[in-house]
Amino acid sequence: MKVNFLTAALQIGTKGERVAARIRAAALEQFSRQGFERTTMGEIAREAGVSQAALHYHFQDKAQLWRSAMLDLAAHIAEEERAITAARDARAIDQLRMAMRLFVEISWRHPALGRIVALEGMAGGERLAWLVENLLGDRNRRLAHLAARAIAEGDLKPFPPEQIVVTLQAAAAGLINLQPLMRANFGVLAYSAAGRAAHLDMILAAVFDGFVNRKTEETRP
């Protein structure tokens with residue numbers, strides 16, 4: 001059943017809800033780094049600084065905690081939704097470019113989002129189906145629709161719109177997800193403001209613009 005985010009979201013005010021929020025944040029970090037199967041409730045309790053009794057008081061089992069932690073990502077996706085809605089009168093390619101810029105920025109602020117999408121996107125199954133129904137599906141279909149419009153308007157090269165969207169997202173999140181590899185292989189990280197800015201420019205200039213139909217841009221008045 002599709003989750004209503006308005007009723008699912010809780011106001012963090014009481015001590016109990018602050019504890020629950022801390023548990024969700026710890027769970028999101030563990031699930032995004034280790035995956036659902038390898039993460040244990042004990043590890044989450046230790047990460048959150050609570051007893052397992054307290055954890056089970058708030059969350060019945062690991063599956064419920066996983067879903068609750070994923071719902072915390074909804075606000076970050078909604079940030080992108082609001083920006084695109086505000087720019088709905090812009091050309092489709094400009095809306096898509098804005099979405100990619102926001103996706104990179106949000107992914108740096110909340111790296112668990114890209115890691116979760118990568119892990120569950122590769123694994124498939126019930127959790128991915130839940131993410132598509134409750135978190136990712138509408139957004140990705142909207143972006144694919146924008147890509148299709150941009151192709152029809154001659155602004156993007158005629159690749160399959162769905163592949164354009166997934167390729168852009170994978171490229172954008174890839175560097176963020178692979179920071180441990182960057183450190184192990186090259187001894188550098190891209191977390192600095194300059195590193196993030198370079199990554200954003202690279203995604204927009206080298207990846208996104210690679211899909212742009214330059215002939216149309218050159219002849220557009």
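**Gly154, after helix H9.** In this predicted model, Gly154 follows H9 and has a positive phi, near 85°.

**The bend in helix H9.** Helix H9 covers residues 126-152. At Leu136 the helix bends by about 70°. Beyond the end of H9 comes Gly154, the residue with positive phi.

The protein splits into domain 1, residues 5-63, and domain 2, residues 84-219. Their centres, taken over C-alpha atoms, lie 28 Å apart.

**The interface of domain 1 and domain 2.** On the domain 1 side, nine residues make contact with eight residues of domain 2. The two domains bury about 700 Å² between them. Of that area, 60% is on carbon and sulfur atoms.

Two salt bridges are found between domain 1 and domain 2. Glu37 and Arg127 meet through their side chains in a salt bridge, at 3.7 Å from N to O.

**Helix H2 on the domain 1 side.** Helix H2, residues 15-34, gives the most to the side of domain 1 that touches domain 2. The helix supplies five residues there. By class, this side of domain 1 has four nonpolar, two polar and three charged residues.

Terms used. Residues are numbered from 1 along each chain as its sequence is written. This is a predicted model: local features need pLDDT of at least 70, side-chain atom pairs count only at pLDDT 80 or more; totals for chains, interfaces and linings use all residues. Side-chain values use heavy atoms; hydrogens and water are left out. Domain bounds come from an automatic or database domain assignment. Contact means heavy atoms within 4.5 Å. Buried area is the accessible area (1.4 Å probe) that two parts lose on being put together, summed over both. A salt bridge is a side-chain nitrogen of Lys or Arg within 4 Å of a carboxyl oxygen of Asp or Glu. Helices (H or I, at least four residues) and strands (E, at least two) are DSSP runs, numbered from the N terminus. Ala, Val, Leu, Ile, Met, Phe, Trp, Tyr, Cys and Pro count as nonpolar, Asp, Glu, Lys and Arg as charged, and the others, Gly among them, as polar. The bend at a residue is the angle between axes fitted to the seven residues ending there and the seven starting there.
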